[in-house]
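I opened this notebook to record what I looked up in the structure. The entries follow in the order in which I made them.

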Amino acid sequence: MPVQYKRKDNMKLELKDIAYSYYSITGEESSVLKDLNVDFHSGEICGVFGKTGTGKTTLIQTLNGLIIPQTGQVLLDGEVIRKGKKGIPGLRRKVGLVFQYPEHQIFEETIYNEVVYAIKDTDISDAEKKKKVRNALSLVNFNPDYDIFTRSPFELSGGEERKVAIASVLIMEPELFVLDEPSAGLDPVSRNSISELIRNLKKNGTGVIIVTHDIIWALDIVEKILVLKKGGVVFHGTRKDFMKRLNEFYNDDNFYLPEELLLLIELEKNNINIEVDRFNISSIYDQIIKRKKKKE
């Protein structure tokens, strides 16, 4: 079992009046984030939904300090994050970011070297570094039988490579952990492993932000939901409130609703209101059958 690192405080990361635009070669402006106000907390799991081009990637890069907003402020526990040696590096120690397909960014020759990379130049002893590496790998349920000191990460399966890449960020023990499309391209077993990791991080007090198009997978684990549309926030609240407001997104061309949620909307239109714990077709079908049997 990995050593659990418990959080003492509830960290809060705020974005206030954030705006950001990209400019083409010809100087044409393309606004990506517009007057965005949102906050995230350690110990919470938040899903970020929205079509491609709604500003999700720019948002998470702002959270980690990779992008500096042109207007607005990023605040960590009430303090404004500014450019400089203290501000951005301090933010990145608190907010870990894993991009989509992180396994594509692996470059070290051994599993150990890949995971330890983020702390290799610190004053931590070699023994403590090895302990932290093993703990980070345990958190992602990495195969303990592998010789991490000699085996190359490029010899691993896609799912195991992704675990190594995620562990290389977790070794920093961030208080907020941002995942960009973490379930993309994974088989069901690996997807379940990622879900378990996210739940375990929450138990440790770590906040998790999941940016994904895989809404049905995410709905099983998130507590809060943020929906972006054209660079702005159109919804930020609990999963329960999101489900109550599904009809608002039904005819919205700027938001994609998967068939499972469309089915729930159609059932509600026919006065068939059901609650499900898991948001897949089989679970919805089971609830319909139970409801029918009760009436009989």
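Entry 1: I worked on a predicted model.

Entry 2: I located Arg162 in helix α5, which spans residues 158-170. I then asked which residues Arg162 touches, leaving aside those up to four places away in sequence. The contacts include Tyr101, Pro102 and Glu103. Arg162 also touches Glu181, Pro182, Ser183, Ala184 and Leu186.

**Entry 3: the sheet.** I next traced the strand order and noted an open sheet of 6 strands, β6-β7-β8-β3-β9-β10, with mixed pairing. I recorded β6 (95-98) and β10 (232-238) as the edge strands, each of which pairs on one side only. From one strand to the next, the twist averages 15 degrees.

Entry 4: I examined β7 (residues 176-180) against β8 (residues 207-211) and found that the two run parallel. How many bridges join them? I noted 5 bridges. For Leu179, I identified Ile210 as the bridge partner in β8.

**Entry 5: helices across the sheet.** I looked up which strands helix α1 (residues 56-63) lies across, and listed β3 (45-49), β6, β7, β8 and β9 (224-229). Helix α1 runs at about 155 degrees to β7. Helix α6 (residues 188-203) lies across β3, β7 and β8. I noted an angle of about 150 degrees between helix α6 and β8.

Notes:
Residues numbered from 1 in each chain as written. Predicted model: local features only at pLDDT ≥ 70, side-chain atom pairs only at ≥ 80, totals over all residues. Heavy atoms only, no water. Pairing = 2+ DSSP bridges. Helix = DSSP H or I, 4+ residues; strand = E, 2+ residues; numbered from the N terminus. Axes fitted to C-alpha atoms, helices over the stretch in contact; angles between N-to-C directions. Contact = heavy atoms within 4.5 Å.
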